[in-house]
Amino acid sequence: MLEYTKLHNIFKRIGWEEVEGFSELHKIFIITALALLLTATVLGSVVSGTYPITPEDIFATLLIHLGLGNPAEMQSLHSTIIWDIRIPRILLTVSVGGALAIAGAVFQSVFRNPLVEPYILGVSSGSAFGAALAIVYPSIFFSTQLSAFFFGALAVTLAYLLARVRGETPIVSLILAGVIIGSVFSAFVSFLKYFSNDTELREIVFWLMGGFYYATWEDVFLLSPAVIAAFLILWALAWKLNILSMGDEEARNLGINPELYKFVVIVVATGITAFSVSHVGIIAWVGLMMPHASRMVLGPDNRFVIPASLMMGGIYVTICDTLARTMTGSEIPVGIITSILGAPYLCYLLRNRGKAIFG
């Protein structure tokens, strides 16, 4: 009871809107419902596509690949579409959406700012520069994913070092450093776009818009374990995040080393953001919207916000990617869909809940 009272006072002091009348049991029920909704979204996405396949064919193909059916009965075309194309792509959308959403939830808690998103420290601009380098100079930077990840991590490292003063890293300085480093790398990307040929420019632009066009099982096996590990680490530190939301002085008074825990959670959140961006390009709005949606439903406690954000992010990106590949004959970059749907959502927050959320 004493811990609940302390946590209640913490949330009142940091100004997050509280959701009245929801016990922890109700919140667990909501998270369970989100898990079921995520499962339904994945199944619906597997069925959806320009090539019509019945649920029975999908179920039979999955059973055969799991070793529970007769391989002689499997149609090769169904196997290719379902197992080699749709399922790895959908699993990648869930992983990327969940990664960006929990990274956004962490950054908003640490920076105590509801407008913060996973790209605030320049990781998107750094990754974009790395990807552009690999596209323009493939003989030097042989892997687009590796180059994008390296320069995304480098951008955040430079921002962190720039903001660090006398052994401390003030939040305002870190945000400003991220803006500065991000602007520098954005200028470098523009420089490469200017000097690239038409084919390279088109590839850079498509990468910047984000998409799951080339999703494979290898991508899933690389990214999904990293997202799960990051989720478990951040979820285990959820109580520390609640305390960090109060500010550095209050955290020290409660026996928490703010510099240590800020460093840990920022490294983990940035790592999965850079890893996700390196695989699929820049997917906008997910890390800003989904933590807000989670807090609107469950309140500010990160013990519930982080798992809810993971599932909401997976649901949202999966739906957007399904629309991107089924709305027209040619595929639309998913970053366009997330931006189109994201802007009205933020307008809704600003008009209807702006005072509670933004102060």
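This is a predicted model: local features need pLDDT of at least 70, side-chain atom pairs count only at pLDDT 80 or more; totals for chains, interfaces and linings use all residues.
Colleague: Which elements give two or more residues to the nonpolar patch?

Modeller: Those are H14 and helix H15 (334–352). Helices are DSSP runs of H or I with at least four residues, strands are E runs of at least two, and numbering starts at the N terminus. H15 provides the largest share of the patch, 3 residues.

Colleague: Why is Ile 340 called exposed?

Modeller: Ile 340, in helix H15, has 55% relative accessibility, so it counts as exposed. The word means over 50%, while buried is under 20% and partly exposed is in between (1.4 Å probe, protein chains only).

Colleague: Now the charges. How do you know that Glu 249 and Arg 252 form a salt bridge?

Modeller: Their closest N and O atoms are 3.2 Å apart. That meets the rule, because a side-chain nitrogen of Lys or Arg has to be within 4 Å of a carboxyl oxygen of Asp or Glu. The two residues are 3 residues apart in helix H11 (residues 248–253), so about one helical turn separates them.

Colleague: Are Glu 249 and Arg 252 buried, exposed or partly exposed?

Modeller: Glu 249 has a relative accessible area of 54%, so it is exposed. Arg 252 comes out at 32%, so it counts as partly exposed.

Colleague: What makes Lys 262 and Glu 259 a salt bridge, and where do they lie?

Modeller: The closest N and O atoms are 3.4 Å apart, so the pair passes the cut-off. Both lie in helix H12 (residues 258–280), 3 residues apart, about one turn of the helix. Lys 262 has 4% relative accessibility, so it counts as buried, and Glu 259 at 11% counts as buried too.

Colleague: Which residues do salt bridges that share partners join into one network?

Modeller: Arg 89, Asp 321, Arg 325 and Glu 331. Within it, Arg 89 and Asp 321 meet at 2.7 Å, N to O, so this is a salt bridge. The pair links distant parts of the chain: Arg 89 is in helix H4 and Asp 321 in helix H14 (residues 302–326), 232 residues apart. Both residues are buried. The structure holds 8 salt bridges.

Colleague: How many residues are in the largest nonpolar core, and which have the most contacts inside it?

Modeller: It has 98 residues, with Phe 111 and Ile 283 having the most contacts inside it. Helix H4 (residues 76–111) gives the largest share, 17 residues. Such a core is a set of buried Ala, Val, Leu, Ile, Met, Phe, Trp, Tyr and Cys residues joined through side-chain atoms within 4.5 Å. Beyond its neighbours within four places in sequence, Ile 283 is in contact (heavy atoms within 4.5 Å) with residues including Val 96, Leu 100, Tyr 119 and Phe 212.

Definitions and conventions:
Residues are numbered from 1 along each chain as its sequence is written. Side-chain values use heavy atoms; hydrogens and water are left out.
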